[in-house]
Amino acid sequence: SYMGDQSQGDSSYKVGTLYSTVKWGQSFQPTMEFLAYVELYISTSNGKNGDITLHLAENGNPPGSDIATVTIEANNVNDGVNTFVFDRSILLDTGVQYIVYLTTTVALSSGYDIYGASSDVYAGGAAEYYDGAQWSSTGYDLYFFTYNSVPQTYNIAVGSYGAKVTDNAGAGQNSWQAWSKSNWTSTGSYQSEYVYEILSPG
């Protein structure tokens, strides 16, 4: 399941135009850890002439390296709210300010207008842009919503002949599975929005 975290819902003001040399974004301070998708308001009044890529990075001047990216192909860009869904939920540090910003390859005449609020009404960040030479913060906010995965707790009961998995409500796989020892062996780590609890056999 998903839950909204950070947001600014005013889309009445044209904040700027996104095109090949100009990037637009919004900085924000999360209070939840697992970012699943982001919504932004984009106008296609100049046409749908190029893909749009959303970049997630730690905020700074300039922003840090990409943590994740999502691309919406030109023909799928909506005239209004667009949803950028990550391939997997991204683990965020609630003590860090992040930025989501957009890039495209189209010329100014075919650019995408970006909408938000005419003042800085969101306390956790602001609209920011790159003019081809440097990044700057503005007195505006983009229309944006961040949605996060809600962690689920799964219980793994280990027995003599295998294991079974249930969630914290008791649903899930209740039959014993004959998994070999190799299924439990790992040489690395895996980041997940799921929390696993090992229970003693019973």
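Student: Why is Ser27 called buried?

Tutor: This is a predicted model, where local features need pLDDT of at least 70, side-chain atom pairs count only at pLDDT 80 or more, and totals for chains, interfaces and linings use all residues. Residues are numbered from 1 along each chain as its sequence is written, and side-chain values use heavy atoms, with hydrogens and water left out. Buried means under 20% relative accessible area, exposed over 50%, partly exposed in between (1.4 Å probe, protein chains only). Ser27 has 2%, so Ser27 is buried.

Student: What makes the pair Ser27 and Glu128 a polar contact?

Tutor: A polar contact is a pair of N or O atoms within 3.5 Å; within protein, one must be able to donate a hydrogen and the other to accept it, and residues adjacent in sequence count only if both atoms are side-chain atoms. The two side chains make theirs at 3.0 Å. A polar atom of the Ser27 side chain also lies 2.9 Å from the backbone nitrogen of Ala126.

Student: What makes Phe84 buried?

Tutor: Its value is 0%, which is under 20%, so Phe84 is buried. Phe84 lies in strand E7. Beyond four places in sequence, its contacts (heavy atoms within 4.5 Å) include Val38, Leu54 and Leu102.

Technical notes: Helix = DSSP H or I, 4+ residues; strand = E, 2+ residues; numbered from the N terminus.
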